Amino acid sequence: MPLKNEYLLRIYDTVVQKNIGELEFHQAVLEFLESLEPVLEKEPELAKTGVIDRMIEPERLVQFRVSWIDDAGVVQVNRAYRVQFNSAIGPYKGGFRFHPSVNASILKFLAFEQVYKNSLTGLPMGGGKGGADFDPKGKSENEIMRFCQALMVELSRHIGADVDVPAGDIGVGAREVGYMFGQYKKIKNEFTGVFTGKGLSYGGSLARKEATGYGLIYFTQEALKNIKNTDLNGKRVLVSGSGNVATYAVEKAQTYGAKVLSVSDSSGYIHDPNGINLEVLKQIKEVERARISEYAKRVPGSQYFEGCKGVWSIPCDIALPCATQNELDLDSAQLLIQNGVTMVAEGANMPSTPEAVHALMEAGVLFAPAKAANAGGVSVSVMEMSQNAIKLMLSDKHMDERLKEIMEHMHQDIFDTCEEYDLGYDLITGANITAFERVADTMIRLGTY
Ligand code: NDP
């Protein structure tokens, strides 16, 4: 939908002009600005504060070289970044991604979304994101370690327990966090909670690994109950991806009685009409770090198909895209609609294209945006930061209960905003406005800086 408000339109034009060719960043900002039309209508004087002009410019973007030596003794050079987007409501917080596609546009979109996701949790965190165009696939254990150590030599200058606390994301799990944390500790000679997603023996929290996937399911369950008067029990669910978010979304959905029919990776997808076998999935992805095609060789009745997009052609009630940005396009959305999907909840960041979102909303599909639906990981990360600060270990039960409470509370806040602005069940606009109000109000109170 084209922007109607002149102030918002001018801001968007500035973003496009200043960030040439950064399409993912433009996409994330545009979706956000569209949601602010009703706010500007109600409070036109907001334009005078310049708060939105400030919000679309990152506070800081660091780009740096990472040179390291591979197993053959050859020097390799990668490019890494940390985007520190907004620290109005707390220290920068957001994941670190290792993937060949990483560039400034992708990290700016992720950092921008992170600001508002963190705001929605109600917890004191600003937003940031980082990454490197390093491909962990096919690298040896030693190469991964050397890369992480080389990266931290530079990154350590820009982060800190009260400054900026990274976590995992695509290609960065507990193994990589361990190597980066170890190097930080060595460089700084201090043991502080500078990373979240750490191993349990050195300050990590229980339930962090599960948090994003579990949180996605808690939010989905809450929205189904409140808005559709139903729940996950007996529903046919599609999950894309087979990494951290996907695996624990499968696990929690199954405990709520759903039948999860699929998982995927960037090469293809699995259709298992009997429901995904979680034990086999974890063995293949977490233990062996193998491709998802292995699953069909081990589980009778399941099938592997080349090409990850085909996953959306399987008839289902609920779709949970949990792999990467823009993985669910208009064609996929139309297939889902034809097959009777009733809800889409985003586990990955911005996995649905704007055209797909529009088609799903037009068709009356309940749509839970990533900013809210996948905020469980960062919520538990804050608890990990808290337990590091007080030098204690919080219990698994405490973490999980608090996570559920945060996701339910977030759903209620968004729902209340939808009512206040007469948005029906437009959870995208409701989430963006809820998140915006907290950050904008704080920025105005803190003065122009
Ligand atoms: P993982 O690296 O654990 O898993 C990523 C999964 O997505 C893998 O199955 C991977 O397949 C697949 N994938 C990656 N790139 C592509 C692509 N271009 N096309 C198709 N499939 C792809 O990452 P996470 O599970 O941690 O993250 C998944 C998403 O969730 C991301 O968008 C991330 O930003 C978001 N997220 C993650 C959080 C967390 O706590 N981990 C928190 C909030 C959001 P392959 O192995 O073939 O690459």
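Glu154 belongs to helix α7, residues 141-155. Helices (H or I, at least four residues) and strands (E, at least two) are DSSP runs numbered from the N terminus. Between the C-alpha atoms of Glu154 and Gly138, 16 residues apart along the chain, the distance is 25 Å.

This is a predicted model, in which local features need pLDDT of at least 70 and side-chain atom pairs count only at pLDDT 80 or more, whereas totals for chains, interfaces and linings use all residues. Residues are numbered from 1 along each chain as its sequence is written, and side-chain values use heavy atoms, with hydrogens and water left out.

## The ligand and its surroundings

Around the ligand there are 25 residues, of which Asp169, Thr212, Ser266, Arg291 and Asn349 come nearest; a residue is counted if one of its heavy atoms lies within 4 Å. By class, this shell has six nonpolar, 13 polar and six charged residues. Nonpolar means Ala, Val, Leu, Ile, Met, Phe, Trp, Tyr, Cys and Pro, charged means Asp, Glu, Lys and Arg, and the others, Gly among them, are polar. Domain 2 (60-190) and domain 3 (210-373) each give at least three residues to the shell, with bounds from an automatic or database domain assignment.

Oxygen atoms of the ligand lie 2.6 Å from a side-chain N or O atom of Asp169, and 2.8 Å from a polar side-chain atom of Asn349.

## The second largest pocket

The second largest pocket is lined by 34 residues, and Glu34, Val357, Met361, Asp426 and Ile428 lie nearest its centre. On a 1 Å grid over the protein atoms alone, a pocket is an open set of points where a 1.4 Å probe fits, with protein on both sides within 12 Å along at least five of seven lines; lining residues have an atom within 4 Å of a point. The lining comprises 16 nonpolar, seven polar and 11 charged residues. Because domain 1 (6-55) and domain 3 (210-373) both contribute to the lining, the pocket lies between them.

Notes:
A polar contact is a pair of N or O atoms within 3.5 Å; within protein, one must be able to donate a hydrogen and the other to accept it, and residues adjacent in sequence count only if both atoms are side-chain atoms.
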